[in-house]
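Subject: The structure we talked about

Hi there,

Here is the structure I promised to pass on.

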Amino acid sequence: MIKTKKKKIDKIGNIRHSLSHLMATVVQEFFPGVKLGMGPAIENGFYYDFDLVPKGTSFTPQDLSKIEKRMRELIKQNIPFNKRIITRTEAKELFKNQPYKLDLIKELRDNKINLYQHGNFVDLCLGPHVKKTEEIPQDAFKLTKIAGAYWKGDEKNPMLSRIYGLAFETKKELEDYLKIQEEAEKRDHRKLGKDLDLFYFSELVGPGLPLFTPKGTFIKEELQKNVEAICREYGFEKVSTPHLTKIDLYEISGHAKKFSDELFRVTSPRGHEFVLRPVQCPHQTQIYASKIRSYKELPIRYMESSNQYRAEKTGEVGGLNRVYAITVEDGHTFCTPEQVKSEIKAMVNIIKKFYTSFDLWGKHKVFLSVRDYKHHEKYIGEKKDWDLCEKILQEVSDEMKLNAEKKEGEAALYGPKLDFMFKDALGREIQIPTVQIDFATPKRFNLTYINKEGKEQNPVMVHRAILGSYERFLALIIEYFAGALPLWLSPVQVQVIPIGERHKKYAQSMVKELEAENIRASARIDNETVGKKIREGEMQKIPYLLIVGDREMKNETIGIRERGKGDLGAIGLSDFIEQIKIEIKDKKIKK
RNA sequence: GCCGAGGUAGCUCAAUGGCAGAGCAAUGGUUUUGUAAACCAUAGGUUGGAGGUCCGACUCCUCUCCUCGGCUCCA
């Protein structure tokens, strides 16, 4: 069973990879002198990078259909793909006009160089490929987009023109994929944020600076109450610190140097230099530092939901996932080295509890982000501390069965971390919760406590974000629930719809009763048809619509319509209130 | 920041060098409605902004702002 599945993956991998080569053939045919980059198979398709001549030219969307058409013609010719092995010297000669290929050859240690050839096209490649192009379905691929991409992913290198393609084994799979993408676009938080009136970007305020409407703000605050309640159970205390600081703070923490280009700088009228804070940790260290600490006080756990400001590169801001002004739910524990592991486990448990309440636990992947072992100078802190931190996180991952995947070079400035990754509506990975160990920052700020022996010692700092950025978290849940947020989080939980004029008073009295029970309710007493009010209520993703008319008034009931489920019949208001109070209290997720 | 595609009414979109338009939303009226869009009318625009070409620019060119898809980055 598993074997056949693997075989299937390989087969589609070969098709994708071979399509990439075929595309390069056609591009070479249409754009003589083109320099070839790399062209691998990827999830759902393939790409190939090209450097067109003359410099500065690129593909147009029209080129894509021409290339695609020609690729189909080539497939029909049933061209065989052949593997060849040549020596380094031969390879250098063969690719003498292909600087990027020569660059790749330089990196290969082996003297035997693998090539794949079909027709006249030869590429430096380990394979594998299809044997003949007849294995490639002609109608199950599509060239989709043109993008710039740096050679070998390094922004210091030249930018090549990349063509992305989708490819599947059957036409139906391709069509299904396109359909899913189309559906996914409908749950894009940027679209739903507008439709549901949650947030807005003003050209006057600027990009990356979301303005939250009353509904959006309500959700943010409700999330905050929720995450703080869980953290409080685990001993976190709320602190609040200013958004500004003298830059000196970041000179000590190391952020000023490392993130110099991403700091918003503010100069006072009297010439004093401040920065808008990009992180909260250094501020919180200063609360710790405000007095002498004893080992008996530790762990000390602070949490704070507040704004941070990062001057992200312009091309990187977008929607709520990357903004200049971020609301971050940030927390730090100061503890003894012996306490680190249990503190981290506690944090993972908080994350688990919080995400379980959204039905999101299990929808994630965990990365153990460690340093770039070749470049320790990029980080602060001592090597032995880093070794220990990485070991602790690995143990936590093993003991808590997190299955963390090691990611080299992804660590924070001051320490390694466990990052919890989720996917957005379009399948792009976003990092939300994180737990990070930090031996370095307490040393830099000279934070100490008096240990059992009566001697000063540096505490360890554990950074954690549960909800992370409210903006990102909101984007995640909007997309996950397609806007139909859980009842407890819905800005309007119940809307009462009177059938006609003579039912309006009854509707308003229902609202009063609901509000008396702390249920967020409103009545639609405007002169629209019932059908229209229901339609709008459904589109606004209001969890419950209560329809009241003659029947309901006579029987002192309400007609319930549940979001996405339609008419559920009539019951008494008190029974309804009882039911939804349970749903709110248990934070049930209804699907 | 880099490569590419875009920006027309609050929203979704039309008008390819020759009078800027539709549906929804808004406003006023009529209608009082039984489970996903009642009807009529009115108003709504320096076509993102600035400059240029042209008798004439939403349309062509330059710059700029913003949005989207990638790349890079993400404390």
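Among contacts in chain A between residues at least 6 apart in sequence, what percentage join residues at least 24 apart? The answer is 68%, where two residues are in contact if their C-beta atoms, placed from the backbone, lie within 7 Å.

Some housekeeping before the details. This is a predicted model, in which local features need pLDDT of at least 70, side-chain atom pairs count only at pLDDT 80 or more, and totals for chains, interfaces and linings use all residues. Residues are numbered from 1 along each chain as its sequence is written, while chains are lettered from A and ligands numbered from 1 in the order in which they are written.

**Overall picture**

Chain A contains 18 helices and 28 strands; helices (H or I, at least four residues) and strands (E, at least two) are DSSP runs, numbered from the N terminus. The C-alpha trace of chain A spans about 85 × 75 × 60 Å along its principal axes. Of its 591 residues, 37% count as buried. Here, buried means that 20 or more other C-beta atoms lie within 10 Å of the residue's own, exposed means 12 or fewer, and partly exposed is in between, with C-beta atoms placed from the backbone.

**The RNA side**

There are 57 residues around RNA strand B, and Gly 148, Pro 207, Thr 314, Gly 315 and Gly 549 come nearest. A residue is near the strand if its C-beta atom, placed from the backbone, lies within 6 Å of it. The elements giving two or more residues to this surface are strands S7 (141-150), S8 (159-167), S27 (558-562) and S28 (566-571), together with helices H16 (530-539) and H17 (550-555). H16 gives the most, with 7 residues. By class, the surface near RNA strand B has 20 charged, 19 nonpolar and 18 polar residues. In this count Ala, Val, Leu, Ile, Met, Phe, Trp, Tyr, Cys and Pro are nonpolar, Asp, Glu, Lys and Arg are charged, and the others, Gly among them, are polar.

**The cores**

In soluble globular proteins, nonpolar side chains tend to be buried together. A nonpolar core is a set of buried Ala, Val, Leu, Ile, Met, Phe, Trp, Tyr and Cys residues joined through C-beta atoms within 7 Å. The largest one in this model has 71 residues, and Val 462 and Ile 477 have the most contacts inside it. Helix H11 (residues 340-356) supplies the largest share of this core, 9 residues. A second, separate core has 38 residues, including Ile 15, Leu 36, Ala 91 and Leu 160.

Leaving aside neighbours within four places in sequence, the contacts of Val 462 include Val 340, Glu 343, Ile 344 and Met 347, as well as Val 435 and Ile 437.

**H7 against H11**

The axes of helix H7 (residues 214-233) and H11 come within 10 Å and cross at roughly 145°; axes are lines fitted to C-alpha atoms, for helices over the stretch in contact, and angles run from 0 to 180 degrees between N-to-C directions. Val 227, Ile 230 and Cys 231 in H7 meet Ile 350, Lys 353 and Phe 354 in H11. By class, this contact has 5 nonpolar, no polar and 1 charged residues.

**A few residues to look at**

Glu 304 sits in strand S15 and counts as buried because it has 20 C-beta neighbours inside 10 Å. Its C-alpha atom is 5.8 Å from that of Glu 329, 25 residues apart along the chain. Thr 267, in strand S13 (residues 264-267), counts as exposed because it has 9 C-beta neighbours inside 10 Å.

There are also some backbone details:

- Val 53 and Pro 54 are joined by a cis peptide bond, with omega about -10°; Pro 54 is in the loop between strand S3 (45-51) and helix H2 (61-76).
- Leu 298 and Pro 299 are joined by a cis peptide bond, with omega about 0°; Pro 299 is in the loop between helix H10 (281-288) and strand S15 (300-309).
- Lys 401 is not a glycine, yet has a positive phi of about 55°; Lys 401 lies in the loop between helix H12 (383-399) and strand S18 (405-408).
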